[in-house]
Amino acid sequence: MNEGLGKKLKQLRTGQGMTQDMVAKLLHTTRQRYARMENGQADISFQDIRMLADIFGISTSDLTSEEKKERIRGVILHQKPELLGIDR
């Protein structure tokens with residue numbers, strides 16, 4: 001499984017103030033399965049990736065590409081800078 005993708009999912013989710021349950025409902029899955037996605041313990045289909053990208057407002061390539069870490073950091077910075085130790 002992909003632990004790097006799971007970490008990105010968690011960063012994006014928390015950066016937007018969402019719970020695992022909220023994302024799971026939007027993804028039409030269980031909270032347990034979504035939690036396994038974040039922990040790198042569940043397979044993530046291309047359809048899941050497309051839906052997750054839509055949920056978080058980013059492209060599928062931004063979600064899956066290692067080179068896009070700074071863009072994700074920017075999303076977090078915009079939504080929840082305190083997660084990065086930055087005061088507004």
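**Helix arrangement and core of the predicted chain**

From the N terminus on, the elements of the chain run α-α-α-α-α-α. The chain thus read has six helices and zero strands, where helices (H or I, at least four residues) and strands (E, at least two) are DSSP runs, numbered from the N terminus. The model is predicted: local features need pLDDT of at least 70, side-chain atom pairs count only at pLDDT 80 or more, and totals for chains, interfaces and linings use all residues. Residues are numbered from 1 along each chain as its sequence is written, and side-chain values use heavy atoms, with hydrogens and water left out.

The average pLDDT (the predictor's confidence in each residue, from 0 to 100) is 84 for the chain, and 72% of the residues score at least 70. Where pLDDT is low, the predicted coordinates should not be read in detail.

Of the 88 residues in the chain, 36% are buried; buried means under 20% relative accessible area, exposed over 50%, and partly exposed in between (1.4 Å probe, protein chains only). A nonpolar core is a set of buried Ala, Val, Leu, Ile, Met, Phe, Trp, Tyr and Cys residues joined through side-chain atoms within 4.5 Å. The largest such core has 17 residues, and those with the most contacts inside it are Leu9, Tyr34, Leu52, Phe56 and Leu63. At least two residues of this core come from each of α1 (3-15), α2 (20-27), α3 (31-38) and α4 (46-56). The largest share, five residues, is supplied by α4.

The axes of α1 and α4 come within 10 Å and cross at roughly 25°; axes are lines fitted to C-alpha atoms, for helices over the stretch in contact, and angles run from 0 to 180 degrees between N-to-C directions. Because angles under 35 degrees count as roughly parallel, over 145 as roughly antiparallel, 65 to 115 as roughly perpendicular and the rest as oblique, α1 is roughly parallel to α4. Between these helices, Leu5, Leu9, Leu12 and Arg13 in α1 meet Ile49, Leu52 and Phe56 in α4.

Contact means heavy atoms within 4.5 Å. Not counting residues up to four places away in sequence, Phe56 touches Leu9, Leu12, Arg13, Gln16, Met18, Val23 and Tyr34. Gln20 lies in helix α2 and is buried, with a relative accessible area of 18%. Leaving aside neighbours within four places in sequence, Gln20 is in contact with Arg13, Arg31, Tyr34, Ala35 and Glu38.
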